[in-house]
Each structure stands twice: as C-alpha cells, then as structure tokens.
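Please examine the sequence and the three-dimensional model shown here. A short report on selected features accompanies them.

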Amino acid sequence: MASNPKKFVFDDVSTHNKTKDCWLIIDGKVYDVTPFMEDHPGGDEVLLAATGKDATDDFEDVGHSDEAREMMHKYYIGDVDMATVPKKRAFVAPADRTYNPDKTQDFIVKILQFIVPLVILGLAFVVRSYTKEKSA
C-alpha cells in the first residue's frame, strides 16, 4: 500500500466504470481492478455492476477468501472521501411504463386454458349426437 495514499472524490471514481477502466470502492479504499477484469472468477460483469457505488456490501456478501483479500493490495490506488459517497442509491421508477411482451404469453395461456376445454366439450357433444343418429 502507498505510504501517502491519494484521496479521491466519489464523482471521479464513479467515472471509471468500463471494462478497460474499472475502479471499485471497498471499505473506503479505491482499487483499480482493470488488470483483473478477465481473471475474476465471477466474470467482468460482476465487477462492472459494483462500479459507481460503495461496493463494500457486494464484496462482503460474496464471502471472499483470505487470498482474494491479499490480492486487493496490488490494486489499491488510494482512499475515497467518504463524505462524497452517496449513502444509498435511491430507486427511481421508469418514467413511462412500456409494454411488456412477456405478459402477452400469460394472456394467451389463460385464454387457451378456457377455450381448449370448451372445444373438447363441444366435440364430445358433436360425437355423441353423431353416434346417436347412426345407432337410431
């Protein structure tokens, strides 16, 4: 670790959110994990999903090994000013509710669950009527 770590503000760290330029904030420290993107066991998507926020909870929830924690030292580039880090992202609902095509399939299944038994019942009556006429 650096003897005099560089101090970053959250907005600067959050701009490093791409595969070729990825920084994470874990326990108030900033890590440039760009060289580790291809080697991460969970894939680069996991690391990219942890950018733009304090990734401490994400890191701890996975239960990383002592070896993984030791590896972090070589990616350490400084500290973040925790006063600039948002406490928690607020959920913002989408402005407009777009059409969800998956709901169409649910609707079709419900209609078929109603129509198919009626068709079978109708066919049963037709067959019954037809066989009654033949036997009479």
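The model is predicted: local features require pLDDT of at least 70 and side-chain atom pairs count only at pLDDT 80 or more, while totals for chains, interfaces and linings use all residues. Residues are numbered from 1 along each chain as its sequence is written, and side-chain values rest on heavy atoms, with hydrogens and water left out.

Five strands form an open sheet in the order 1-5-4-3-2, with mixed pairing. Strand 1 (6-8) and strand 2 (17-18) stand at the edges with a single partner strand each, so one side of each has no neighbour in the sheet. Strands (E, at least two residues) and helices (H or I, at least four) are DSSP runs numbered from the N terminus, and two strands pair if DSSP finds at least two bridges between them. Strand 1 runs parallel to strand 5 (residues 76-80), and three bridges join them. Lys6 has Gly78 in strand 5 as its bridge partner.

**Largest pocket**

A pocket is an open set of points on a 1 Å grid over the protein atoms alone, where a 1.4 Å probe fits, with protein on both sides within 12 Å along at least five of seven lines; lining residues have an atom within 4 Å of a point. The largest pocket has a volume of about 400 Å³, a volume being the space filled by probe spheres set on the points. Its lining comprises 19 residues, and Phe36, His40, Leu47, Phe59 and His64 lie nearest the centre. At least two lining residues come from each of strand 3 (21-26), helix 2 (44-49), helix 3 (56-62) and helix 4 (66-71). Helix 3 gives the most, with three residues.

**Aromatic pairs**

The structure holds three aromatic pairs. Rings of Phe, Tyr and Trp (its six-membered ring) pair if their centres lie within 6.5 Å; planes under 30 degrees apart count as stacked, over 60 as edge-to-face and the rest as tilted. Two of the pairs are listed here.

| Pair | Centre to centre | Angle between planes | Type |
|---|---|---|---|
| Tyr31 and Tyr76 | 6.0 Å | 65 degrees | edge-to-face |
| Phe36 and Tyr75 | 5.7 Å | 40 degrees | tilted |

Tyr31 in strand 4 (residues 29-32) and Tyr76 in strand 5 are 45 residues apart, and their pair links distant parts of the chain. Phe36 lies in the loop between strand 4 and helix 2 and Tyr75 in the loop between helix 4 and strand 5, so this pair ties together parts 39 residues apart in sequence. Phe36 counts as buried at 15% relative accessibility, and Tyr75 counts as buried at 11%. Buried means under 20% relative accessible area, exposed over 50% and partly exposed in between (1.4 Å probe, protein chains only).
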